[in-house]
Amino acid sequence: MSHPEQHRGRWRPRLDRPALVALLFGVAGVVYRLILTLFTVPVSNSDEATFGLAALHIGQGREHPVFLYGQHYMGMLESYLAAPLVAVFGPSWPVLRLPMLALYAVFLYLIHRLTRRLGTPWFAAFVVGLLALGPERVVRDQLTVVGGRPEVKPAVLLMLLITLGLAAGTVHLRRLAFGLFGLLVGLSVWSDWLILPYLAVAGLALLWAIRRELFGWAGLLLVVGVVIGVAPMIVDNLRAGPGEDSLSVFREVSSKAGPQPPWSDRIRGGLLEGVPLAHGLCPVDGCGRWQQWFGVLYPVLLLAGAALAVLAYRHAGASRGERVGPVVQLALVAGAALTLLSYVRSPLAATSPLDNARYLSVLQLSLPAVLWPLWVAALTAWRGTSSVLGRFTGALSTAVLAALTVTMLVITVLFAATGTAASRTEERQARELAAALRADGPHEVYGDYWTCNRLIFNTDESVVCGVLDGDLSPGQNRYRPYWRQVGRAERPGYVVEVGSPMDQRLRRLLAERADVTPVREVGGYRVYHPDTPVRPWR
């Protein structure tokens, strides 16, 4: 906790020891991620490039997208945050990711504040230390600009802190706080629907804390804030054609997941793979059996956290200021449970747990509530105030916390030491391809989805790419003007990975021209530039 200290007529904050330790952990976590950001680790891709191109267009005043190009449900707040930097410094991956790094720093600060309010200073420092660690799966969700999660997590934490302050009477500008709460809700709904479970429980906590005030100006300002935050989404949906509104598109995407696997497979994928991956206990290629223990323990910890919150509520005083802490803690438990339940309802939890564990990254919000039972048991045992059973439980809890810390630290160190080479190699090859085409052409090319938008971003749109599928039919072209521009080119090129199905199909279509068509290899790609276009879909 910070204490004011008078020094030569001025008041300066003085950090207590736990706060200083938390600060050191936080700085280490930010510096570690800054280094990764400067080296473009984790590797970029065309999804992220689409957000980057939108930021470029916003900064130039050419476009003002509400949703990700080609979609109607993923908000573009991250592109708007990056747009000023991209406009000033030009498109580059570090510039694009810097706002995400800032959001991560805000996330650490807010979760430290919240955890100190709900728990103890040293427990808050411990939580920050865990969140400062990060193997590839964790830092990918925190640093890459792919929509939603980096911004909605700080928003939820700030909403819960506002609830605590309003109930305790420590917030003086109460009307402004209500408006800010509503604005955060609206922006979060626009940005990423995965956060809806946490928004629901945060809203219920606020309703419990100050329900009488909601019938006056406070409630009106709350609604106004929500409307302002979600206004871009409302306007876009009012203009959308039949079946193109956000709910219809999201429902259609969700229904494409295929037949439902058994509940046992989905729960196994969600708990044994998704939960450990989301918390940084496994490398990006999956969890070994020895790393899955946290997923087995997670539901038990949720139940224990809920029980402790209920007990704390019953033993608290009669005032809302004294009882609001357990209510917020219970909200964090409920948010995690609802998020996990929503995830295991999807077939993807069973069929593709490694690729979709990113949807559980918001569970980091509930880490203080999940680990609190372990901390309480360990602390009680170390103080010698428990029975024999209590001391055994405390020793076991201490072992679990130590195992969690050591596992996360080992996986992070392994990633930092050996897991970044592949990303740096791929980025170097992508830059080599962009430099070659930018210098010598062709400047209108066709390629696959994972090549095109990244190539366009890397060349600052001096090379434009149209997306084709492996059979050389039109693919997922998120920004249609690029496709039309390449379609008008008299002599477009083709950028394909060496030996890929697209490479083989293109050579068959070129037939006898394959040996005379100009072709060169750059960074693992072949660049074909035939004299006449190859457009089999026409």
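Reply: Helices H4 and H7 lie roughly parallel to each other, because their axes cross at roughly 30° and angles under 35 degrees count as roughly parallel (over 145 is roughly antiparallel, 65 to 115 roughly perpendicular, and the rest oblique). This is a predicted model, in which local features need pLDDT of at least 70 and side-chain atom pairs count only at pLDDT 80 or more, while totals for chains, interfaces and linings use all residues. Residues are numbered from 1 along each chain as its sequence is written, and side-chain values use heavy atoms, with hydrogens and water left out.

H4 covers residues 93-118 and H7 residues 149-168, and their axes come within 9 Å; helices here are DSSP runs of H or I with at least four residues, numbered from the N terminus. Each axis is a line fitted to C-alpha atoms over the stretch in contact, and the angle, from 0 to 180 degrees, is taken between N-to-C directions. H4 passes H7 in a left-handed crossing, that is, the near helix is turned anticlockwise from the far one by less than a right angle.

Where they meet, with heavy atoms within 4.5 Å, H4 contributes residues including Leu 103, Phe 107, Leu 110 and Leu 114, and H7 contributes residues including Pro 154, Leu 157, Leu 161 and Ala 168. The residues of this contact divide into 16 nonpolar, one polar and four charged, where Ala, Val, Leu, Ile, Met, Phe, Trp, Tyr, Cys and Pro count as nonpolar, Asp, Glu, Lys and Arg as charged, and the others, Gly among them, as polar.

Definitions and conventions:
Helix = DSSP H or I, 4+ residues; strand = E, 2+ residues; numbered from the N terminus.
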